[in-house]
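Reader: Could you take a close look at one part of this model for me, the side-chain pairs that link separate stretches of the chain? Give me the overall setting too, please.

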Amino acid sequence: MNNKSIGFFDSGIGGITIWQSIINLLPNENTIYLADSINSPYGTKTKEELTKICEKNIEFLINKGCKIKKPLEKEAFFKDIRKIRIFK
């Protein structure tokens with residue numbers, strides 16, 4: 001097991017449920033959850049705005065030393081954010 005944390009972010013409190021499930025499934029993993037409430041809701045953002053938000057959040061998680069950075073917000077998936085590198 002890699003000792004680095006798995007990083008997650010979401011625009012609201014809905015991601016906390018998913019994060020809790022991940023903690024239950026992977027109890028030996030360290031995690032960091034970034035609650036990005038300042039940019040909530042993601043659903044009202046343009047693709048360009050959402051890309052910038054996701055890049056900023058991923059950079060924050062990279063700086064925290066996370067091995068995996070993953071958005072939990074469905075809007076981040078549905079607005080084609082594939083160009084953002086999730087793994088570093």
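Author: Among contacts in the protein chain between residues at least 6 apart in sequence, 72% join residues at least 24 apart, with contact meaning heavy atoms within 4.5 Å. Keep in mind that this is a predicted model: local features need pLDDT of at least 70, side-chain atom pairs count only at pLDDT 80 or more, and totals for chains, interfaces and linings use all residues. Residues are numbered from 1 along each chain as its sequence is written, and side-chain values use heavy atoms, with hydrogens and water left out.

Now the layout. The protein chain has three helices and three strands, and from the N terminus on they go β-α-β-α-β-α. These elements are DSSP runs numbered from the N terminus (helices are H or I, at least four residues; strands are E, at least two).

On to the charged pair. Searching the whole structure turns up one salt bridge, that is, a side-chain nitrogen of Lys or Arg within 4 Å of a carboxyl oxygen of Asp or Glu. The partners are E29 and K67, at 2.8 Å, N to O. E29 sits in the loop between helix 1 (14–25) and strand 2 (31–35), and K67 in the loop between helix 2 (47–63) and strand 3 (68–71), so the bridge ties together parts that are 38 residues apart in sequence. K67 is buried, its relative accessible area being 17%; here buried means under 20% relative accessible area, exposed over 50%, and partly exposed in between (1.4 Å probe, protein chains only).

Y33 counts as buried at 16% relative accessibility.

One more loop residue to look at is N39, found between strand 2 and helix 2. N39 is buried too, with a relative accessible area of 18%. Leaving aside residues up to four places away in sequence, N39 touches K45 and I53.

As for the chain overall, 39% of its 88 residues count as buried.
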